[in-house]
Amino acid sequence: MNEMVRAEGLSAVYNEKDEKPVLDGLDFSVREGERIALMGANGAGKSTLLLTLTGVLLPQKGALVVNGIPVKKENLRELRRSCGLVFQNPDDQIFMPTVEDDVSFGPRNYGMDEAEIKERVEKILASLGVGELKGRLAHHLSGGEKRLAALAGILVMEPVLLLLDEPLAFLDPAARRRLIAVLEELPQTMILSTHDGDMARGFCSRCIILRKGRICADGPAGEILACPDRLLQWGL
Ligand SMILES: Nc1ncnc2c1ncn2[C@@H]1O[C@H](COP(=O)(O)OP(=O)(O)OP(=O)(O)O)[C@@H](O)[C@H]1O
Ligand SMILES: [Mg+2]
């Protein structure tokens, strides 16, 4: 299987002046088709790692290669095409006035045919159970509706690496089930941050635990999450 991600000694900071990096020398790789749950206490660095994988935050030290593309400023456009991030906060993601415009934005930006865009957008919104949101103003949506619209905007691009930051947050039980059913059908490599042990165990094959910007465990989700004492130790 091909390698989708390789990180070697990866460090990242938000401010160059900070003494301690937010991601502190991470070493890991991800094979094509894996589904990884990224877990850890609040502030452990999960969102930061997802931002770094898409080059929203550039690595400070070390090497990071995603889908064969080194994460560097000059490669960002190419990188964004193969790797899609659904942000923790949908307000950071949605910026077009209507849901339809917003979900169409990515495909339009990459020059997809208008008829195909329309078809894809309708299909993805319907699969997430929110077909009726198409014409709605994005800033009038509820938290869960916004999250689903933001997800649609990334899924519609069919990125080869799908990064989801707390995908279940804001969603009601039915919307959670629908989302998991949609994700189950996708062949893509996925890395998702979650505080939900059931999703990590049920949906992901592997779990990486972050603690204070370092990897403290990495292995099969069932094994990693089996020991309550260790989970407490890791702040979970
Ligand atoms: N824009 C920013 N500028 C400076 N520091 C930041 C910024 N965003 C996050 N941090 C800091 O980086 C560290 C890691 O934050 P991050 O958001 O990656 O944590 P997380 O694991 O996603 O937590 P949560 O479970 O709360 O979402 C925290 O100490 C946080 O305060
Ligand atoms: Mg986070």
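User: How do the residues of the shell around ligand 1 divide into nonpolar, polar and charged?
Analyst: The shell holds 4 nonpolar, 7 polar and 2 charged residues, where Ala, Val, Leu, Ile, Met, Phe, Trp, Tyr, Cys and Pro count as nonpolar, Asp, Glu, Lys and Arg as charged, and the others, Gly among them, as polar. This is a predicted model, in which local features need pLDDT of at least 70 and side-chain atom pairs pLDDT 80 or more, while totals for chains, interfaces and linings use all residues. Residues are numbered from 1 along each chain as its sequence is written, chains are lettered from A and ligands numbered from 1 in the order written, and side-chain values use heavy atoms, without hydrogens and water.

User: Which atoms does lysine 46 bring to ligand 1?
Analyst: A polar side-chain atom of lysine 46 lies 2.7 Å from an oxygen atom of ligand 1, and an N or O atom in the side chain of serine 47 is 2.9 Å from an oxygen atom of the ligand.

User: OK, and what are the protein donors of the magnesium ion?
Analyst: They are Ser47 (OG) and Gln88 (OE1), at 2.0 to 2.3 Å; donors are N, O and S atoms within 2.8 Å of the metal (3.2 Å for Na, K and Ca), and water is not among the atoms, so the site may look incomplete. Serine 47 lies in helix 1 (residues 46-53) and glutamine 88 in the loop between strand 6 (83-86) and helix 3 (99-109), so the pair ties together parts 41 residues apart in sequence. Helices (H or I, at least four residues) and strands (E, at least two) are DSSP runs, numbered from the N terminus.

User: Is glutamine 88 buried, exposed or partly exposed?
Analyst: Glutamine 88 is partly exposed, with a relative accessible area of 38%, since buried means under 20%, exposed over 50% and partly exposed in between (1.4 Å probe, protein chains only).

Technical notes: A polar contact is a pair of N or O atoms within 3.5 Å; within protein, one must be able to donate a hydrogen and the other to accept it, and residues adjacent in sequence count only if both atoms are side-chain atoms.
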